[in-house]
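Me: Could you walk me through one part of this model up close, and show me how that part sits in the rest? I'd like the wider setting before the detail.

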Amino acid sequence: MLVFFSYTCNLLKPRSPSPLPFTSIMLMSQSTSIPKKQDRVRDHGFDNYMEVEKKTRKVLKFQSLILSQPSQTLPISRFDSLARRLGLGFKENEAAAYLLKFPHVFEIYEHPVLRILFCRLTQKALLQIEQEKQALHAQLPDVVTRLRKLVMMSNTGRLRLEHVRIARKEFGLPDDFEYSVILKYPEFFRLFDARDTRNKYIEIVERDPELAICAIEKVREREYREKGLDAEDVRFSFLVNFPPGFKIGKYYRIAVWKWQRVPYWSPYENVSGYDLRSLEALKRMEKRAVATIHELLSLTVEKKISLERIAHFRMAMNLPKKLKDFLLQHQGIFYVSTRGNYGKLHTVFLREAYRKGELTEPNDLYLARRKLGELVLLSSRKAMVDKELVSYRRDTEVDDIVCVRPDYMETDLKDFGVEYEIEHDEEGNDSLDSDFVSDDIDETQYLDEKEDTV
């Protein structure tokens, strides 16, 4: 009886909390989910890609200015005012000096009549533009499928036309896709105006179950067949490849392993009829958001898109509000680069699609766009541009102006996959390149350029 009384007294006696059980509980709670806030680890392969993209973006703006002219030429003195109007960040006389850094893209010469410096595109740059147009036209059948899958991912089966127009380059859509794609295929798309907002929307006519297959599902099937992994581990998993220097602890590894086995609803599945208030539903919706962004990147040409353009589809595709913090939780699947616009632009890459800064499965349109980056990276020393830039001579027999091009213009352009010839007139004299129009323009007639603000 005395022993029983002492035992019950020990049970009722308050005990001092021991730090060991509390610590073990905290450690176990860390292994249940991936931490919400993580520091971003840089991957120099993607950052270097965006450094080239920053130069290419400015070059494309200058190209659009030159091509907007009837003669496809523009005086050097106008580039400073136009660059300030477009907000390119150039000071006085810096825009003209910027063109000299890319002699394989821009050709600067002295006009024989006005005696001022003009700029036009080189033959290599024109061939790159033509190659990109051909690649864009050749993949139009894939564009229809790509746009159908994009609209099917929305909750209501419709997307704003303006949001798709802003991201048309990323998805490989032509500039006139409203007419060449949407209105051309009425059996797939329907274009209508909203009564309340008066915005145009693209609506899918009918959901095709055969198109409701995500790119990650094909990757899982390949991994299962090639590596013979466990079907239960591969069923809901994503390819995870952390950047160099990313610290992976024991409990973080356990959290990732558990997260990989969490089931989720497909991005093409309508979840409006489900009860999303439970904890299990929230976990599924979180992983569904990862699958949605993964599929969105898979539909792009270069497997990358800016974070700001993903935000345009946030409401239509049930994406979280804080997209940047959400993507930093999954640095093994996505990479967010802040290079390319002085930290103001965030570009999201699909890590599994790249290796050493290049696409593992490149397409023709991607290769055509990379040609411009190659021209931009070519050294100006190899161009052999002298102080006089381009010299002119007037032939005694023919009253035509013959442009003596630098040596780099006579090099073989087989790398661009385009053959070109120099036409000869009936008298046996070489004429000017057919890609260039005459330089005889009026001294007072300069047209204002308009840039697509998107």
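Reply: Among contacts (heavy atoms within 4.5 Å) in the protein chain with a separation of 6 or more, 68% are between residues 24 or more positions apart. This is a predicted model, in which local features need pLDDT of at least 70 and side-chain atom pairs count only at pLDDT 80 or more, while totals for chains, interfaces and linings use all residues. Residues are numbered from 1 along each chain as its sequence is written, and side-chain values use heavy atoms, with hydrogens and water left out.

The protein chain has 16 helices and 13 strands, taken as DSSP runs numbered from the N terminus (helices H or I, at least four residues; strands E, at least two). Of its 454 residues, 43% are buried, where buried means under 20% relative accessible area, exposed over 50% and partly exposed in between, with a 1.4 Å probe and protein chains only.

Now to the close look, at helix α13. It covers residues 279-298, and its 20 residues reach 29 Å from first C-alpha to last, close to the 28 Å expected; that expectation is 1.5 Å times one less than the number of residues. The helix is mostly covered, with 14 of its 20 residues buried.

Glu 295 counts as buried because its relative accessibility is 2%. Its side chain makes a polar contact of 2.7 Å with that of Tyr 268. For such a contact, a pair of N or O atoms must lie within 3.5 Å; within protein, one must be able to donate a hydrogen and the other to accept it, and residues adjacent in sequence count only if both atoms are side-chain atoms. Setting aside neighbours within four places in sequence, Glu 295 touches Lys 149, Met 153, Ile 213, Cys 214, Ala 215 and Tyr 268.

What about the nonpolar side? In soluble globular proteins, nonpolar side chains tend to be buried together. Here, the largest nonpolar core has 68 residues, and Leu 147, Ile 293 and Phe 334 have the most contacts inside it. Such a core is a set of buried Ala, Val, Leu, Ile, Met, Phe, Trp, Tyr and Cys residues joined through side-chain atoms within 4.5 Å. A second, separate core has 27 residues, including Phe 62, Ala 83, Ala 95 and Val 376. Back in the largest core, Leu 147 has contacts beyond four places in sequence with Val 164, Leu 173, Val 181, Ile 182 and Phe 189.
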